[in-house]
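Please take a moment with the sequence and the 3D structure shown here. The paragraphs that follow lead through them step by step.

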Amino acid sequence: MTNRVMFCVTLFGAAVSTPLTAYRSPLTAQDTVKGKAVYVKWCAGCHGDTGAGDGAAAPAMLPRPRNFTGAVYKIRTTASGQLPTDADLMSAIDEGLPGSAMPAWKARLSEAERRDVIAYIKTFSSFFADTSQHIVPLGFGKEPGGGTSAQAVKTGRSFYDSIGCRKCHGDQGRGDGPSAPTLKDDAGFPIFAADLHQSWRFRGGGRTEDIYRRLRTGLDGTPMPSFSDLIDQKFLTDEELWRLSQYVRSLSPAREPEVRDVIHAPQLGGTLPAAPDDTTWARVDRYWFPLVGQVIRKPRWFAPTVSGVWVQAVHNGRELALRLCWDDRTLSPDTAWLAFERRVLETVASDDSTPPVAGLWPDQVAVQLPRHIPDGMERPYFLMGTGTDPVYQWRWTSEPRRTVAGLARGLEQFDTLGAAPESQAVWDHGEWRVVLTRSLATPDTANELQFVAGRAIPVAFFAWDGSNGEHGSRLAVSTWYFLALDQPTPPRVFVSPVVAMALTLGLGFMVVWRAQRRAGGSRGTGAGVGAGAET
Amino acid sequence: MSLRLPPALRRYAEHPFWQAVGLLVLAYVVVVFVIPLLPGSAIVPKSVVLQYMATVLVGVLIYVSDNEERWARFKEPLGALATEPRLKLVRGVVLAGVTGLVGLVTYGQVRTTVAAPPNLRSIHPAPPTEITFRGHSVTLTGLDNPLRQHPESAAAHLVVGKRIYYQNCLPCHGDHLDGQGHYASGFNPIPANFQDNGTIAQLTESFVFWRIAKGGPGLPREGTPWNSAMPRWEDFLTEREIWSVILFLYDQTGWTPRTWEKTVSSER
């Protein structure tokens with residue numbers, strides 16, 4: 001009896017504490033009939049009834065849903081060219097694949113359902129039927145310490161250069177290397193070299209150990225190779241490969257950026273930093289705003305490449321400077337990317353009446369504001385206003401390199417105004433940095449927003465990557481956020497707390513003094529009024 | 001029930017003052033840390049925490065002052081704190097601490113910071129009785145899904161509805177119909193969660209038809225039409241396709257639409 005209890009406790013403990021090791025053993029008690037029911041209901045819409053990755057949603061997706069019939073999987077713990085373990089498949093289903101349309105299913109399907117669906121997915125390929133194959137994960141060891149030291153990052157960087165990462169991922173890791181425009185996956189779909197500055201979008205996870213695993217196993221079916229053989233050839237040690245992983249990890253923020261509603265623009269004295277690389281910007285808080293495809297008006301766009309924009313703002317009481325930074329692997333227009341753009345447009349479904357044609361479009365960014373600061377909560381329509389309620393926008397383009405201001409009346413109509421903000425821009429190894437400067441007040445008060453400190457001013461952002469075929473309604477959009485011009489703290493803010501504190505302290509002393517006077521008769525004095533008064 | 005506590009601890013546990021302190025600490029821990037852990041709940045806002053704590057404090061004071069002897073014992077440690085020479089250091093720390101706290105709270109009150117204005121939105125605004133769909137009029141009141149009239153062809157309509165959903169709705173409303181699609185984080189308000197019992201589960205199919213056909217731009221003012229990213233689907237889909245996708249929404253989530261028989265007056 002006691003033994004059985006102990007056994008159950010041990011089993012329970014094992015199930016709770018080590019689910020991953022438990023999955024390493026082949027799955028048992030799987031029911032492909034039940035798995036098929038789960039698959040048909042939840043997976044087939046993208047992955048297709050026959051598992052070929054051709055469900056109804058697939059044509060609008062880039063990257064495409066996995067084609068299970070080939071049994072080629074990117075995210076594995078097994079050697080390059082090997083089948084994935086059941087734990088690998090389970091982990092992709094549980095956690096989803098960040099940066100793609102694949103969501104996490106852990107909280108949506110029971111463990112039994114997820115195990116059954118894995119059994120069913122494996123029936124799509126005869127490779128899994130061959131039970132003579134022994135699918136074992138590679139041994140990965142542990143991350144060596146000191147990964148954030150300057151020496152470790154330097155070692156990592158030296159191998160980044162020497163083993164050829166930069167050919168595709170670029171000098172600074174934003175996926176802008178010279179080979180990037182040529183990349184295709186094994187199915188012939190265009191594929192982007194990952195932007196290593198956005199680890200929260202890495203399909204296999206953004207931790208250093210995840211990066212190390214991808215370097216060891218490669219991403220099968222893509223141009224990303226495995227580097228395990230370089231260790232076998234003694235070109236680099238296992239520790240050096242870990243250093244490379246730590247270097248790659250160091251390129252991204254420590255955590256996925258949090259989206260905050262209000263951009264605070266501190267007030268500075270003197271002139272504003274009008275240059276994108278002015279050192280002042282390093283001291284100003286930056287805000288991340290995610291951008292997603294414009295899927296609201298025809299023609300829609302399902303495959304934007306700009307996943308978000310970093311925004312900073314400062315003002316000096318007379319002018320406002322706004323700095324926008326975003327990752328864009330191409331300095332558009334760029335003829336080197338024209339063939340790639342064509343492949344993207346051929347791959348991603350559209351609802352144009354005629355198929356879109358690849359062209360040499362510029363990169364663009366738009367900052368959208370209402371014409372007037374709203375008093376209530378009502379604002380113009382977030383997607384570029386409407387005919388009757390337009391929005392005021394600044395539109396920057398890479399070619400010609402300029403900014404115009406105007407009124408947008410929906411996606412189709414943009415009427416330029418006479419005055420425009422000053423702008424300066426740099427494209428630096430896959431990143432645009434643009435600073436827009438305008439006076440807070442302007443003569444055209446009817447159409448141009450008049451900035452006032454201390455108010456929440458609605459603001460939205462839009463971006464186009466020209467080399468991804470983006471122009472017109474094919475763009476990445478944000479919802480409304482807010483911009484607030486902060487004011488220096490007025491002195492009364494410091495007076496009130498001091499007065500309150502003095503009153504509290506006085507009251508405290510009085511209470512103590514009275515209590516001691518009352519007690520004094522029986523105990524004699526000598527307790528003192530209070531520690532504060534005596535010292 | 002006899003709790004076996006060491007004598008020193010028992011003295012504290014039986015003392016009304018320390019009971020009161022214990023209750024307050026317990027209440028704080030429950031409100032701030034335990035409530036957010038309960039399924040379906042969220043972090044308690046600071047102002048609500050303050051209200052809870054004030055209520056608990058009043059209750060505790062009523063309890064300790066309810067009986068003369070208990071009230072006297074309750075005041076003992078406070079009196080000792082004010083008078084005992086050996087507690088001079090504690091007295092100083094308490095005085096300084098309270099003073100500092102008052103300063104901080106006051107600073108927090110007078111400091112002005114610009115916050116996003118509250119987004120007050122009616123989630124299910126009253127629908128119109130009639131809409132115009134691509135130029136012809138559709139009466140919503142009393143309207144049921146016409147595709148349900150022929151149960152034998154339901155399977156075929158579901159196939160169409162599923163295809164429509166995956167081609168159009170997926171980026172925002174997601175694979176699980178939970179409003180967590182891969183574009184969801186880009187929009188505010190976030191897309192509707194059809195798995196939740198507060199959306200399609202309590203709506204008639206004609207309401208859902210109206211929301212799909214007219215989208216964000218067709219919302220009345222209380223629905224904040226300027227924020228919604230919901231497209232006006234009459235520009236993309238036929239009436240029949242919309243009814244098909246509605247069939248799919250209910251079939252996939254397992255909810256049944258609210259029916260007109262059960263509806264008291266017009267849809268709220």
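What percentage of the contacts in chain A with a separation of 6 or more is accounted for by residues 24 or more positions apart? The share is 66%, where two residues are in contact if their C-beta atoms, placed from the backbone, lie within 7 Å. This is a predicted model, in which local features need pLDDT of at least 70 and side-chain atom pairs count only at pLDDT 80 or more, while totals for chains, interfaces and linings use all residues. Residues are numbered from 1 along each chain as its sequence is written, and chains are lettered from A and ligands numbered from 1 in the order in which they are written.

Chain A has 13 helices and 14 strands, which are DSSP runs numbered from the N terminus (helices H or I, at least four residues; strands E, at least two). An automatic or database assignment divides chain A into domain 1 (18-129), domain 2 (150-250), domain 3 (262-485) and domain 4 (495-529). The C-alpha centres of domain 1 and domain 3 of chain A lie 39 Å apart, and four residues of domain 1 of chain A are in contact with six residues of domain 3 of chain A.

Turning to the partner chain, 53 residues of chain A are in contact with 47 residues of chain B. On the side of chain A that touches chain B, the largest share, 13 residues, comes from helix 12 of chain A, and among the other elements that give two or more residues are helix 3 (32-47) and strand 14 (481-485) of chain A.
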